[in-house]
Amino acid sequence: MGVNAVYLAMEVEPRMLAQAVRGFKALNILGFNVTIPHKIKIMKYLDSLDSTATTIGAVNTVVNRDGRLVGYNTDGTGALEALRKSGIDPKGRRIVLMGAGGAARAIAFTLAEIAQRMVIVNRTVSRAKMLAREVQKTTQSPVIYRSLNSPILKNELLTSDLLVNATSVGMNPRGSETPIDTSLLRTDLDVFDIVYSPVETTLLKEAMKVGAKSVSGLTMLVSQGAQSFELWTSLKAPTPIMTAALNNALRVSSR
Ligand code: NAP
């Protein structure tokens with residue numbers, strides 16, 4: 001694209017985070033992504049935060065704006081774009097969101113804004129409760145919570161039309177696991193699994209078997225990365241090239 005830049009992966013020890021950020025600033029780099037375990041802690045080392053990152057309470061993208069480091073979060077908007085690109089508009093939908101970790105937080109705030117209602121389901125129910133309360137307060141949308149083992153979960157799924165898995169269940173090396181009993185899947189329950197390794201999780205395979213629309217985590221991974229790229233360069237991201245590169249990298253790493 002004629003951009004004189006490289007994208008490099010670096011592992012930063014939690015105790016070295018402040019120094020790493022100061023180093024990036026000193027080197028005057030264009031920006032960087034942040035991932036586990038730094039998404040929350042990084043916030044205190046930045047000069048300012050965009051409103052979405054403030055609401056979500058986590059940062060995955062940092063942009064150097066004339067020497068000031070500004071934090072953004074593209075996980076939620078990346079998830080939304082992935083759904084829309086796959087022909088699913090979450091607007092007005094009844095959503096069951098599984099998970100209450102970092103990715104689930106970003107998705108909950110973004111989708112609750114436009115959903116008809118949202119049920120947050122998590123193994124640790126106290127985390128689901130806390131997130132549901134926060135999201136409802138911020139978005140003014142109806143958000144309830146359930147435990148993963150709740151017997152009512154079956155009814156929640158029956159009265160919903162979009163299931164989002166934002167837990168790490170089904171991720172390699174435990175790729176055969178699913179976050180719910182797959183006999184609860186049906187044609188008119190669309191499924192979005194944000195796990196991207198494997199690309200086709202068991203949950204997605206089972207959803208496809210019953211004829212439900214399904215969206216993989218790979219689509220979200222590309223979308224959130226593309227949005228970071230656009231924040232850094234102000235250029236339209238080459239998503240087909242990014243998707244091909246990602247597929248290639250995942251194929252190599254799964255060998
Ligand atoms: P996280 O903050 O560690 O949260 C993990 C979530 O999974 C929590 O809700 C946790 O429940 C739940 N969980 C973990 N093991 C479980 C089990 N055995 N049974 C039931 N629930 C379980 O992780 P994260 O950053 O949110 O990431 C979650 C997944 O999303 C990962 O697979 C990650 O690779 C993927 N991800 C994908 C994208 C993308 O672009 N596609 C972006 C970000 C993340 P508890 O609260 O009970 O522990």
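**Exercise 1.** Does Asp89 count as buried, partly exposed or exposed, and at what relative accessibility?

*Solution.* Start with the source: this is a predicted model, in which local features need pLDDT of at least 70, side-chain atom pairs count only at pLDDT 80 or more, and totals for chains, interfaces and linings use all residues. Residues are numbered from 1 along each chain as its sequence is written, and side-chain values use heavy atoms, with hydrogens and water left out.

Next, the classes: buried means under 20% relative accessible area, exposed over 50%, and partly exposed in between (1.4 Å probe, protein chains only). Asp89 has 38% relative accessibility, so Asp89 counts as partly exposed. Its salt-bridge partner is Arg84, at 3.4 Å from N to O. A salt bridge here is a side-chain nitrogen of Lys or Arg within 4 Å of a carboxyl oxygen of Asp or Glu. Arg84, at 42%, is partly exposed too.

**Exercise 2.** Describe how strand 3 is paired and covered.

*Solution.* Helices (H or I, at least four residues) and strands (E, at least two) are DSSP runs, numbered from the N terminus. Two strands pair if DSSP finds at least two bridges between them.

- Step 1. Strand 3 spans residues 61-65, and four of its five residues are buried.
- Step 2. Strand 1 (residues 31-33) pairs with strand 3 in the antiparallel sense over three bridges; Asn33 has Thr61 as its bridge partner in strand 3.
- Step 3. Strand 4 (residues 68-72) also pairs with strand 3 in the antiparallel sense, over five bridges, and Leu69 in strand 4 stands opposite Asn64.
- Step 4. Strands 3 and 4 form a hairpin with two residues between them, and Asp66 in the turn has a positive phi of about 50°.

**Exercise 3.** Which parts of the chain does the salt bridge between Arg93 and Asp190 tie together?

*Solution.* Begin with the distance: the closest N and O atoms of Arg93 and Asp190 are 2.8 Å apart. Arg93 lies in the loop between helix 3 (75-85) and strand 5 (94-98), and Asp190 in strand 9 (residues 190-193), so the pair ties together parts that are 97 residues apart in sequence. Both Arg93 and Asp190 are buried.

For contrast, take Lys209 and Glu206, whose closest N and O atoms are 3.0 Å apart. Both lie in helix 7 (residues 202-209), three residues apart, about one turn of the helix. Lys209 is exposed at 65%, while Glu206 is partly exposed at 21%. Returning to Arg93, salt bridges that share partners join Arg93, Arg94, Asp161 and Asp190 into one network. By the salt-bridge rule the count comes to 14.

**Exercise 4.** Is Thr239 buried or exposed, and which residues does Thr239 touch?

*Solution.* Thr239 is placed in helix 9 (residues 239-253). Its relative accessible area is 17%, so Thr239 is buried. Contact means heavy atoms within 4.5 Å. Not counting residues up to four places away in sequence, Thr239 touches Lys85, Val222 and Ala226.

**Exercise 5.** Into which domains is the protein chain divided, and how many Å separate their centres?

*Solution.* Domain bounds come from an automatic or database domain assignment. Domain 1 covers 14-73 and domain 2 covers 76-218. Taken over C-alpha atoms, the centres of domain 1 and domain 2 are separated by 28 Å.
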